[in-house]
Amino acid sequence: MNLVYPLAHLMGGVILLCAFSMLSQRRLSAMITLYQVQALTLSAAAFWQGFAQGAGDLYLTGLITLVIKAILLPIGMRQIVQRFSMIRAVETTMPIGLSMILGVGLIGIAVLVVLPTTVSAVSLTREDLAISLSVVLLGLLVMTVRRHAIAQVIGFLSTENGLVLAATGMPGMPFVAELSVALLVLLAFLVVGVFLFRIREHFDTLDLVGIEEIERRGR
Amino acid sequence: MNLCLPAVFLPLLAAPAIGAFGTRAQGAIANVVMNVIVFGLTIGVCFEPGSGLIHADDLGMIFGVLTGFVGLTTALSNISFVWSGNEVLSLRRWRVYHAMCQVVLGSTLLGLYADNIGLLWVAVEGATIAATLGVSLPRTASALEAAWKYFILGGVGIALALFGTMLVYLAAQPALGPGLPAMSFLALTQHVTKLDGSLLTLAFVFLLFGYGTKAALVPLHGWLPDAYAEGPLPLTTALSTLMLNVALIAILRFRHLMQANFEGGGGALQPGAFLLTLGLASLLLTAFSLSRRRDARRFFGFSSIEHSGIAVFAFGVGGAAAIFGGLLHMLVHTLLKSALFQALMRGAALRGSAAPGNYGFSHLRGMIHSNKYIGWLLGGCVFALTGLPPSGLFASEFIIVSQTIQRDPYVSLPLGLGLVLCAVAIIRNVGPLVFGHAPPHTKHQKSGIGANLISLHLVLAFGIAFTMPWFLLHLLSTVAGALQ
């Protein structure tokens, strides 16, 4: 029996589920755990695609994902959370139920947009693409409904996971994209790390309410 | 020999060295030396365009030379910026600052010369990261806010653009096969009618919003005024203006793919309506927000949004002449805007400090009482941005307006309204800024020799628009004809 489709879809489904549950989590540590599970599944998906397509590049992508996204980044974020004792629940800009309804709507849009436009493509790619677009949109939604800087960063990282998932599903895509995505995450984390510490110094809190200060002072 | 490679990679390789060693004066000098070399190389590229993954097509050549030139004048005026010592940074941050200048320069050139949609994306990403670091350098609360906003919005834009890039690959892959050709602009253009039209349309939406974020089109413009208002001026304004061109050119190239696919019966939608809408939205929003700005850097940040909008509008109108107008607009605007920011920097330095926060219109007013030359130059730059004759922008805006009337008469009404409102909002500031009452205790001071660079920019902007040399005219017409 051919396992390529069922397994790839299963892993795509787990990634989507993680992205979706991030919307419902109030605690930062839970969001980080979800992100970690998502990244682990993503690296497994990359290995599986590499095996199925016989592409050596994808093994490398899987390895990068595993080491940087599933191990190093969560450790770093947990340290930040502990160091600034931000264990408490984080604020959301809208009720969790509402944001989950919006999330379901976004998944629906992603499926409705992708499936009819990709009739000519291979069916694995089609469904992979629909799932990854949903993950991208859900990540963006997490970034909008959370006020907390780290929660926004996690949303952003989840978006990146969706992009890598799409890239692994593309048949024969040159390695440029994967490499640069991995690079982006690393660099992004460096930049963000710098920011977080400095924001902490200046605002006393990582809550981004202070960002409206520019508005008040008059441009 | 492919001269594009050293032009792109020399600055990128020099950046770590500049970031690790040297005093701030040595950093500034190294910056100038690198820019002289790169400017020479960008001119050399016109004779040796090279081939392969990184090579210069006609469009890349023109904007490559522009980038080299503006980079050089910015580096020269950066010397006086560094010497004046107004911007208080630690030695480590000065090193980072100069390194980031090189990274932005190299990434901009990579974005112009890359014949691969993946590399183009990497270039935009690299420049965004470097610029974000630059904005955050002063470490004041407002600088960090601006950098955070830039990082989040830019990051989202980059993510959307990558998704679009992958969709383009997917649309091309059945026709061009797996591998690099399906990501090369050259190969994509040659086989454009064989691409999957509906996928290409979906990709274009993502690319438009992704690169549109970098080009600061409304509603994705939020980061730009804040980023322009903070950080060391030469990096965050003068060099960032060059990045707008990369994003606009990316939009132009993808628009061409869509349009050609539509005309060849590939099933893509016509891209015009998307671009016209975003362009008009940018123009009109700027028209109504300009008059309320009190900080000059923020004010002219909004004016950059306006001009991005006009260029995208021109691309949306379509046809060789309108695209020629749009490209001319980008050329002239880049020259004028970098001249303006250099003039602002010198003006603010005459008033005490060129650090962010000293650019309020009330603080800079009556510049002619501080120095006549700088005052007139500043007035000239601001006036030129209105697009009234004899500004170079008049020529490009005239072409765009007349083409709009010919091809899409109805949208010419909001276009005209937006142009007039923006011009009025800008011109209101010329009088007080140049001739108004200066703040008390203003003394007449000398302007440095570097102020002549601003005149050079103004003369070039005038010359390109009204007495365009034949080779440039030939190149630009070829480009516009090929990308219509």
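1. Helices (H or I, at least four residues) and strands (E, at least two) are DSSP runs, numbered from the N terminus.

2. This is a predicted model, in which local features need pLDDT of at least 70, side-chain atom pairs count only at pLDDT 80 or more, and totals for chains, interfaces and linings use all residues. Residues are numbered from 1 along each chain as its sequence is written, while chains are lettered from A and ligands numbered from 1 in the order in which they are written.

3. Leu476(B), Val479(B) and Ala480(B) of H19(B) are buried (20 or more other C-beta atoms within 10 Å of the residue's own; exposed means 12 or fewer, partly exposed in between, with C-beta atoms placed from the backbone). These three cover an arc of only 95 degrees around the axis, so they are on the same side of H19(B); the arc is that of the directions from the helix axis to the C-beta atoms. Trp470(B), Phe471(B) and His474(B), on the other side of H19(B), are exposed. The buried residues of H19(B) pack against helix H3 (58-84) and helix H13 (320-350) of chain B.

4. In chain B, helix H2 (residues 24-45) and helix H4 (residues 91-113) pack at an angle of about 10 degrees, with axes 9 Å apart. H2(B) is therefore roughly parallel to H4(B) (an angle under 35 degrees). Axes are lines fitted to C-alpha atoms, for helices over the stretch in contact, and angles run from 0 to 180 degrees between N-to-C directions.

5. Where H2(B) meets H4(B), the residues from H2(B) include Ala28(B), Asn31(B) and Met34(B), and those from H4(B) include Trp94(B), His98(B) and Leu105(B). Contact requires C-beta atoms, placed from the backbone, within 7 Å. By class, eight residues are nonpolar, four polar and two charged (nonpolar: Ala, Val, Leu, Ile, Met, Phe, Trp, Tyr, Cys and Pro; charged: Asp, Glu, Lys and Arg; polar: the others, Gly among them).

6. Lys446(B) lies in the loop between helix H17 (412-435) and helix H18 (451-466) of chain B. Lys446(B) is exposed because 10 other C-beta atoms lie within 10 Å.

7. Chain A has eight helices and zero strands. Of its 219 residues, 45% count as buried.

Definitions and conventions:
Parallel < 35°, antiparallel > 145°, perpendicular 65-115°, else oblique. Contact = placed C-beta atoms within 7 Å.
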